[in-house]
Amino acid sequence: MNIQFFECSTKFDSDFIERTLIDIACIESGMLTKNKIDNKKKFFDFINLKKGIPIAIPYIPEILDSNSIFKIELSDYSNIIFGKKSEKYIGTKLSYSTNLFVSNYKIKSQYRIIIDNYIKEILDTKFKISQLKNKYKTIGAFQTRNIPHLGHEKIIEMMLDHCDLVVINPILGPKKPGDLNTERLKFIYNNILKSRFNNRILFIPLRANMFYAGPREALHHTLIREWLGFSHFSVGRDHAGSDNFYRPEEAKNNLKRYQDLFNIKILYHNGAYFCKSCNKIILKGSCKHNFYELKEVSGSKLRNCLKSYKTYEYASKDVQDWSKQNIKTLY
Ligand SMILES: [Zn+2]
């Protein structure tokens, strides 16, 4: 198609541009090469969730030139990636800003530098995992980007029953106000929690975008962790979902249907709770007590307690003391 035909009047915000640069890096690094969409037909092939998330590169004249453009309309985009009635869902809003996409592209030089840095970060993560494989036979990836409460500690404990090492492996997209500072989070895991787990945990983030595509993204994340070289990956309730858009068990049930597709082992759990009868933190389903005895362990309650210098009953004292002392640089 002739690009002059598309007088691009869309104004793209900086977060969307950054997401696009990250997506391009994910494709060019090799991690998501199979997910690259260069024509409309290929996009529709992704209707089957087992391929993960299709990555189409929007036509943003500010960052790239292209002489080959195709269209994907909002209704098709949201329906294929996120499911029915998802045009207003957060995942669609974050990842769709124009109906024009490029088959091929040449990145403008000032953006090429940024993309190359992201590629370096992705390959660096893969390299670190490959180095760790010399020392550890089994390495599990735990995706979380929150200040750890006792629920997270319980999930790590469960993973360590199956893996020699657990890598806290958050996905880092464009930074938004209110996001935790990654270096601070790294400090909490590597300096405060590590000794509690006999030095069998490490914090290594991954540069990539979140889509909040629930069951489809659970599969996508699994394929990514397999590419990075992990032997195990944990998936809990409502993995990569938002706003209760997907049913809590959907991601897990979907992955179980496709488990023959990958070699990486999935460690499923149903979320961590405080059981009043056991008088301790448990993973749901691991004790015989019924749901009415379980109390939710909540990341947002922990965050609110820290901000008001209170103590949350279901998070470790050392983590909370350090977080309160460093609250000004935590976000
Ligand atoms: Zn119990």
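**Entry 1**

I began with H7, which lies across S8 and S10 and runs at about 165° to S10. The model I am reading is a predicted one. I then looked up the sheet to which these strands belong: five strands form an open sheet in the order S10-S8-S7-S12-S13, with parallel pairing. I noted S10 (201-203) and S13 (265-268) as the edge strands, each pairing on one side only. From one strand to the next, I find that the twist averages 30°.

I examined one pairing in detail. S8 (residues 165-168) pairs with S10 in the parallel sense over three bridges. Within this pair, I recorded Leu202 of S10 as the bridge partner of Val167.

**Entry 2. Helix H7 against helix H11**

I next asked at what angle helix H7 and helix H11 pack. H7 (residues 182-193) and H11 (residues 317-325) pack at an angle of about 140°, and their axes are 11 Å apart. I logged the crossing in which H7 passes H11 as right-handed. On the H7 side, the contact is made by Arg184, Phe187, Ile188, Ile192 and Leu193. On the H11 side, I listed Asp318, Val319, Trp322 and Ser323. Sorted by class, I have six nonpolar, one polar and two charged residues in the contact of H7 with H11.

**Entry 3. Helix H6 and two sheets**

I turned to H6 (residues 150-160), which lies across S7 (139-142), S8, S10, S12 (232-235) and S13. Its direction is at about 160° to S7. I also found H6 lying across S14 and S15, where it runs at about 55° to S15.

**Entry 4. The antiparallel sheet**

I looked up the strand order and found an open sheet of three strands, S15-S14-S16, with antiparallel pairing. I noted that S15 (280-283) and S16 (294-296) each have a single partner strand, so one side of each is left without a neighbour in the sheet. Neighbouring strands here are turned by 45° against each other on average, direction ignored.

I followed the pairing of S14 (residues 272-275) with S15, which is antiparallel and extends over four bridges. I recorded two bridge partners in S15: Ile281 for Phe274 and Ile282 for Tyr273. The hairpin of S14 and S15 has four residues between the strands, and I noted that Asn279 takes a positive phi near 60° in this hairpin.

**Entry 5. The zinc site**

Which residues coordinate the zinc ion? I found Cys275 (SG), Cys278 (SG), Cys287 (SG) and His289 (ND1), at 2.2 to 2.3 Å. Along the chain, I wrote the spacing of the donors as C-x2-C-x8-C-x1-H. I then asked why the arrangement of the four donor atoms is tetrahedral.

How values were computed:
Residues numbered from 1 in each chain as written. Predicted model: local features only at pLDDT ≥ 70, side-chain atom pairs only at ≥ 80, totals over all residues. Heavy atoms only, no water. Axes fitted to C-alpha atoms, helices over the stretch in contact; angles between N-to-C directions. Left-handed = near helix turned anticlockwise from the far one by under 90°. Contact = heavy atoms within 4.5 Å. Nonpolar A, V, L, I, M, F, W, Y, C, P; charged D, E, K, R; others polar. Pairing = 2+ DSSP bridges. Donors = N, O, S within 2.8 Å, 3.2 Å for Na, K, Ca; no water. Tetrahedral: all angles 85-135°; square planar, octahedral: opposite > 155°, others 65-115°.
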